[in-house]
Amino acid sequence: MYYSENKIGHIEVICGPMFAGKTEELIRRVKRMEYAKKKFLVFKPNIDNRYSEDMVVSHNKKSTTAINININHPEDVKNYVTNEISALVFDEVQFFKEDLIEIINYYANQGLRIICAGLDKDFTGKPFGLIPNLLAIADEITKLTAICMVCGEEATETQRIIDGRPAYDDDPVVLIGATESYEARCRKCHKVLHHEK
């Protein structure tokens with residue numbers, strides 16, 4: 001159990017579409033804590049193994065060591081937190097079960113700095129997982145944009161493409177092992193297919 005009487009906790013959320021630089025910004029904040037000689041823990045969901053099992057890696061290959069946590073058991077975070085830890089960092093936070101909100105709030109109330117990065121919307125443009133509730137309790141929100149890969153304008157949406165076509169609105173939100181790709185898109189260029197009713 002962690003408790004600090006004299007520290008004020010803080011929850012920071014970095015969000016936006018894919019290719020907006022969320023993980024890069026998270027790693028930048030982690031490096032600043034390293035320079036300041038702060039003790040912290042970085043967590044990532046066990047289903048995110050795109051670049052590494054035990055590293056958080058940005059698209060431009062910047063990285064930091066991380067602990068894999070089962071998305072259905074966010075309470076496992078508690079097994080790693082000790083009194084020397086001053087910050088907890090979560091990448092791809094949208095994949096975790098809603099229970100993580102209570103854990104994040106608890107540690108912020110105990111004086112820890114919490115940094116979370118994740119997609120704010122899924123490929124259909126709807127709020128992703130626990131993100132709406134996380135944004136509601138955040139003390140600071142950094143909403144990043146990408147560049148639309150069609151027209152070059154500011155992109156706020158994540159376009160999923162399966163076999164060369166936009167995904168359907170009833171495709172699974174998390175699609176593991178599928179042949180798919182993603183692009184950043186503006187609202188105008190973002191497409192979601194719908195089946196005939």
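Biologist: Which residues touch the most other members of the largest nonpolar core?

Modeller: In this predicted model, Leu88, Phe90, Val93, Ile114 and Leu134 do so, within a core of 27 residues. Helix 2 (100–109) gives the largest share, 6 residues. Helices (H or I, at least four residues) and strands (E, at least two) are DSSP runs, numbered from the N terminus.

Biologist: What makes a set of residues a nonpolar core?

Modeller: The members are buried Ala, Val, Leu, Ile, Met, Phe, Trp, Tyr and Cys residues joined through side-chain atoms within 4.5 Å. Another core, of 13 residues, lies apart from the largest one and includes Leu26 and Ala117.

Biologist: Why is Phe19 called partly exposed?

Modeller: Buried means under 20% relative accessible area, exposed over 50%, and partly exposed in between (1.4 Å probe, protein chains only). Phe19 has 35%, so Phe19 is partly exposed. Phe19 sits in the loop between strand 1 (10–16) and helix 1 (22–35), and its phi is near 70°, a positive value in a residue other than glycine.

Biologist: Why does Lys37 count as exposed?

Modeller: The relative accessibility of Lys37 is 71%, and exposed means over 50%, so Lys37 counts as exposed. Lys37 belongs to the loop between helix 1 and strand 2 (40–45); although not a glycine, Lys37 has a positive phi of about 60°.

Biologist: How are such values to be read?

Modeller: Local features need pLDDT of at least 70 and side-chain atom pairs count only at pLDDT 80 or more, while totals for chains, interfaces and linings use all residues. Residues are numbered from 1 along each chain as its sequence is written, and side-chain values use heavy atoms, with hydrogens and water left out.
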